[in-house]
Amino acid sequence: MVVHTTDNSTVQKCHQHGLSSNKSSLWMHFQFQTHFIPNTTESLTSGGLKMRTPVDQYVVSRPLYTEDSFTENHEKVERKHKTTLDHVKQYFTCDSKRVKNAALSLVPIVGWMKMYRVKEWLLGDIVSGVSTGLVAILQGLAYSLLASLPAWYGLYAAFFPVIIYFFLGTSRHISVGAFPVLSLMVGAVVTRMVPDGGPTVNITGLEGLSIDDQRAMVSASLTFLIGIFQLGMGLLQVGFVVIYLSDTLVSGFTTAAAVHILISQLKFIFGLSVPGFSGPLAIIYILESIFTQITSTNIHDLVTAIVVMVVVFAVKEINERFKSKLPVPIPIEVIMTIIACGVSYAFNFKDNHGVDVVGLIPDSFETPVAPNIEVFKETAVDAFPMAIVGFAISFAVAKVYAVKHDYVIDGNQELIAFGVSNIFGGAFKSLASSTALSRSAVQESTGGKTQIAGILSAIIVLIVTLAIGFLLEPLPKSVLGAVVIVNLKGMLMQMREVPYLWKKDRLDCIIWIVTFLASIFLGLDLGLAVGLGVELLAVVFRTQFPRCSVLANISGTDIYRDRKDYINIYEPEGVKIFRIPAPIFFANIDFFRGKLLDAVGFNPLRILRKRNKALRKIRKLIKKGELSVTIKGLQVTGSYPIEESEDETNTEELDQPVDFSDLPVQVNWRAELPANISVPPVDIHSLVLDFSAVSFIDISALKGLKTALKEFIRIDVEIYIVACDPYIIEKLKSCSFFDHEIKTSIFFVTLHDAMLHILERHPPLSVSEKVYNNYPDKMPNSSSNLRSREKIGKEPETKF
C-alpha cells in the first residue's frame, strides 16, 4: 500500500509501526515520508478496508508500476482505429438523418426561427434594425470612399449581403456590411488597377467605361472572387484556418489598418486632391502629397470635420459612460449627418466654397453583371488574404456575442454564408462585406436578438436608396471622413497592448510590432503575410527551443518541480531528472541532446570513448607484461610505462559498449587507474526523462533519441522514461526502437514510480560508505581499483 502524506515526524512513526530504519536518515525521509499517512482511521465495510483521511490529503494504495506491469494488470479496451478509407466512407455515407442535419446546418434560419419568441424579441429587433440601418447607411457611404468608389456602392454592401446572411449565417447579432479594413484593402487593388492618373491596366471589358465604372467593375469582380474563395473554404471544411491568426497578430494588423484609414481620410478632412497610391511605402507617398498641398487646405472642409469629430466623440463617450441608463445609444452620427446635409444645402457648400460632396445617388439598383475573368487573374493573389481577413474579423466578432448570449456558431457555415453573400453582392456591384464591431455593437446593445434586426436594417437601407437618397447628395465628404476617423478609436487604442505584451510575453510583443510595422510600410496584404510568417516562426521557436529543466522532489510529497524554484527539495544522490517540455521532432532533437548534456554535466560518448581507449591501453600493457594481476589488483611492473599516443584509426570500436570479456578483471571506473590512465568520472547512476509534455516524436527525432539513450546505457547509466503517452510507446514499438540495450522496462507510469524503483536499487549511501567510495584505498579488504571477474560472475558490474 502506498500512502502519501506531508507529516514531518516520519521516522518516529515508522518505529511505532515496526518499520525498518536501518537506512540512512535521508533515505528514510524520502522512502517513508511519502509512504505513510498519520491520523487516518480504518473501518471495515462490506466493500473491504476503507481509508478515511482528511479532505486536504489523498491516499493511494497500489503497486509500483512500470508501463509493462501496468499493461499486464489493467486490461485495455480493444478499439478499432479508423483508417483513412473509413473516414472517406463515413464522409460520403448518406442517410435521411444526415441529409436533415446537413440541410439544417446549411440553412440555420430554420433552427432559430422555430424558437423565435415574438412577444419578447420582436420589439427589440425592430428598434435594433432601425438603429443599425441608419448607422449602416452612414458607414456604407464613408467606407466606399476608402475603396475609392462612388459613395452609393457602400449602400449596396449594407443590403445585398445582409439578405443572404439572414438565411445562411449562424450568428444572431453581427451586422453584415462594409468593414473599413477590408474596404481599404479593396481600395488598394482598385487604385492600382485603375489609378487616378496614368494608364489603366489592359483588361478586356473595361474599354469605353468612365473611371468610376471601371473601378466599380474591378471592385465587383474582386468581391465576387473573395466570395468564391470563402465559399470554397467553407465547402472544404477549412474554417479552422482562422486559428492561425492569433489575437496578437489581428490586433497589430487592425491597428496598422486604422493608421492607413486615418491617413487616407486626411485628404477629405483638408479638402485636398491626393492621387491614390498602393503597394509598399504608399503611406509615405500619401503623407508627402498631403503635406506638399497643405497650404491649399479648404478651410470649410477642415472646420466642418473638426466640429463633427468633436461632437461625435463627446456624445460617444456619453453613450459609453451612461449605456446602462440610456434605452438606446444616441445616434449622433446620424444627427450630425442630417445637420451637415442641411447646412451644406443651405449655404451651397459645393458651389460657393468648393466643398467636395457625395453628389448624385441613383434611386435604383444597378443591373447585375457577370464578373470579369481577367480581373480574377490580376487580383487572385490579393483576394485570398482579403477572404481570410474578412472572415477572421467577422468570426471573431461573432464569437464574442455567441459566448455572451450562449449559443453556438459554426466556422465552416460562416465561411459559406459570407462566401455566398459576397458572390451575390459582387454580382450587384456591392463592396466586399464583412462586419464591424461598432455596427454590431449597435445591433446588440439596442436590443437585437436575431438576424430579424439585420433584415430590418437592410429594409432601412433599401428605403433610403430608392426613396430619399437624394437628401444625402449635399453631404460633404469631409463629414464622412470625420465619422470614419472617430470610429477608429477602438482600433487605435489597441496600441496600449504593447507595454502589457512587453512585460508579459515579449515574443507576442515582437509579433505585434512586426505585424504593425510591416502592415504600415509594406501594405496590408504583405504586412499580413509577414505577420503570419513571424507568428509561425515564433511557434517553431517556442517548440524548437523550449525551457528544459532539471526536477527535484518536493520533500514529503510525490510532486516534482524545477529544482531552481523551490527551497525544501530532495535530490537523491546519483539521480538526474530531466524534463522535456515540448514535442520532439527533427528540428529540436539536437537542442534537447545539448540541454541534456548540460544537465548531466558530461558527454556520455566522450566518456565511452575514453573508457574504451583505457581498456585498449590496459590490454596492451598486460600483453607487454608492464601490468600484472595481483591480489591487490593490477600493478605496474618494471619501469614506469611511458605515455603513448592513442590509436585513433578505428573510432567505430570506441563507440561500442565496454567489453571486459578478454580481461581477467573488471575495471572500477570510479577508482584511480594505474599507469597514468585517466577516465572522466560519472557522478550519476540513473537518468530519468520526464515525457509528460511530449505529445509526439517523429522518425528523425526517434533515431536521435535512441542514439542518445544508448550512449548513456553504454557507460552504465540507467535510463528511465516516465509519463510517456501510450500512443508514443506504441509508435516506438512499431518503429523498432527497442532492442537488447533499450527495453520496454525503462518506461514507468509516473515519475514517482520510477524514483521509488531507483531508490530501491540504489539506496543512499551511509557516511562511512561515502568515505570509502571517495577513498577506495582505505576500504577494508578491498584496496583494488580492479576486481576479479571470478568473484563477480559472468555479468560484470561496475562498482559504485
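The pLDDT is the predictor's confidence in each residue, on a scale from 0 to 100. The structure shown is a predicted model, and its average pLDDT is 82, with 85% of the residues scoring at least 70.

Where pLDDT is low, the predicted coordinates should not be read in detail.

**Nonpolar cores**

The largest nonpolar core comprises 109 residues, and Leu-141 and Val-181 touch the most other members. The greatest contribution to this core, 15 residues, is made by helix H17, which spans residues 373–405. Leaving aside residues up to four places away in sequence, Leu-141 is in contact with Ala-151, Trp-152, Leu-155, Ile-361, Leu-472, Leu-475 and Leu-480. Another core, of 53 residues, lies apart from the largest one; Ile-580, Ile-589, Cys-724 and Phe-738 are among its members.

**Nonpolar surface patch**

At least two patch residues come from each of helix H13 (282–292), helix H24 (506–522) and helix H25 (524–544). Helix H24 provides the largest share, four residues. Leu-517 counts as partly exposed because its relative accessibility is 40%, and the partly exposed class lies between the limits of 20% for buried and 50% for exposed.

Key
Residues numbered from 1 in each chain as written. Predicted model: local features only at pLDDT ≥ 70, side-chain atom pairs only at ≥ 80, totals over all residues. Heavy atoms only, no water. Buried < 20%, exposed > 50% of the residue type's maximum accessible area, 1.4 Å probe, protein only. Core = buried A, V, L, I, M, F, W, Y, C linked by side-chain atoms within 4.5 Å. Contact = heavy atoms within 4.5 Å.
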